[in-house]
Amino acid sequence: METVLVTGAGGYIGTVLVPKLLEKGYKVKAVDRYFFGKEKLPYHENLEIIQEDTRKLSENLFENVDYVIDLVAISNDPSGELFNEATWQINYESRVRTANIAKRNGVKRYILPSSCSIYGFQEAIVDETSPTNPLTTYAKANEKAEQEVLPLADKDFVVTVIRQSTVFGYSPRMRFDLAINGMTYGAWKTGKLPLMRDGTQYRPMVHVQDTTDVMILLLNDEEEKINGEIFNVGADHLNYQICNLGKIVAETIEKETGKEIEIEWYGDPDHRSYRVSFKKIREILGWEPKWDAKAGVKEIVNKLEGGEIDKTTETITLNWYKELEKWFNIIEELKMYGGILNIDINKEEIKTFDKKI
Ligand SMILES: NC(=O)c1ccc[n+]([C@@H]2O[C@H](COP(=O)([O-])OP(=O)(O)OC[C@H]3O[C@@H](n4cnc5c(N)ncnc54)[C@H](O)[C@@H]3O)[C@@H](O)[C@H]2O)c1
């Protein structure tokens, strides 16, 4: 039985990927701080939950590991700007360190899930050979990680980078801060669909089931096709212009629920616009996604209608990290004798005190 070590395993993509790996017969070492909870991964005899910070991974964790899928990240632009230093350490430094430890310990393949956001603003349609234009800390950290893990590729250590489109769809660690998921929630809940100005920007999208399928494909595909390579993950027809995407989301919800949906503009014009070519993954790996935006919106609406998911602070990554930091500071300030109201009481001391009274 082969073993896959997945970092960021408790996240949006990780909690979809890990059950698939288990189902395919892999053993999984699921490494995460579990900022979003451990209960989102299923119990399974071949699953080992490892609560650890990826900045501190030790060599022995990689013993008998065949593959590493390094999902860990502070996973969006606003969180990356607010927690700048941590984002740099986690998304770039820890992943380069993990790739090096993996190589030293005989791991066969290493996959870096990066992001199409490293293309930033682009006029033309970009492919894997185009110059990048990372505009944020998040995108810059991904690019640096790519640049330092790819040269580690050799005949014994297969390294592949995937640049994922913006992901959508249901996951046990639900995120409503992703474009399609957020629009769907807003429109379903209030009848108003939030659209980021001015709607002319292009963005490629991919469903979470599809991008995790690619990760699994890369564990098995022929080494010559994938070693030292970068693949954009998505499809040409899933390059959506945001205003058209808004219309698709609105129409799908209207059809599913009978509610009328109105478009509501918000924010300053978004300068991140890019159209991406997915020719390489289609032609070299013979892979195309099964999902499109319409199917993803239907899936989310059904889960919302069924009460299986809802928008909470935890589903907005930035807000959840801010909340955790806020409560960490409050608790540090208030805790005494190992607790707040429940504290460690030395029973002997109390007995002596009672006698004195
Ligand atoms: N979701 C998308 O649209 C998208 C698009 C392109 C690329 N990606 C990339 O895919 C990867 C996964 O994204 P996601 O959407 O699942 O994000 P996520 O925020 O849901 O998951 C990240 C996980 O990493 C964990 N984590 C954070 N810091 C850690 C640390 N120091 N040590 C251990 N664990 C830590 C968190 O607890 C969380 O479970 C990221 O690298 C992200 O950049 C995501």
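The following questions and answers concern a predicted model of a protein with a ligand.

Me: How many helices and strands does the secondary structure of the protein comprise?
Reply: Helices and strands are both present in the secondary structure of the protein. The count comes to 12 helices and 14 strands.

Me: Why does the protein count as being as compact as a globular protein of that length?
Reply: The C-alpha trace spans about 85 × 55 × 35 Å along the principal axes of the protein. For 357 residues the globule rule gives 21 Å. The protein is as compact as a globular protein of that length because its radius of gyration is close to that value, at 22 Å.

Me: Which residues come nearest to the ligand, and which elements give two or more residues to the shell around the ligand?
Reply: Around the ligand there are 29 residues, of which G8, G11, A73, S75 and V167 come nearest. The elements that contribute two or more residues to this shell are β5 (109–115) and β8 (166–168).

Me: What is the make-up by class of the shell around the ligand?
Reply: Nonpolar, polar and charged residues all occur in the shell. Their numbers are 13 nonpolar, 10 polar and 6 charged.

Me: How are α5 and α10 oriented to each other?
Reply: The axes of α5 (residues 179–190) and α10 (residues 293–305) come within 10 Å and cross at roughly 50 degrees. Angles from 65 to 115 degrees would count as roughly perpendicular and those under 35 as roughly parallel. The two helices are therefore oblique.

Me: Which residues of α5 meet α10, and what is the class make-up of the contact?
Reply: From α5, the residues are I180, N181, T184 and W188; they meet A293, G296, V297, I300, V301 and L304 in α10. By class, this contact has 7 nonpolar, 3 polar and no charged residues.

Key. Residues numbered from 1 in each chain as written. Predicted model: local features only at pLDDT ≥ 70, side-chain atom pairs only at ≥ 80, totals over all residues. Near = placed C-beta within 6 Å. Helix = DSSP H or I, 4+ residues; strand = E, 2+ residues; numbered from the N terminus. Nonpolar A, V, L, I, M, F, W, Y, C, P; charged D, E, K, R; others polar. Axes fitted to C-alpha atoms, helices over the stretch in contact; angles between N-to-C directions. Parallel < 35°, antiparallel > 145°, perpendicular 65-115°, else oblique. Contact = placed C-beta atoms within 7 Å. Rg over C-alpha atoms; globule rule 2.2 N^0.38 Å.
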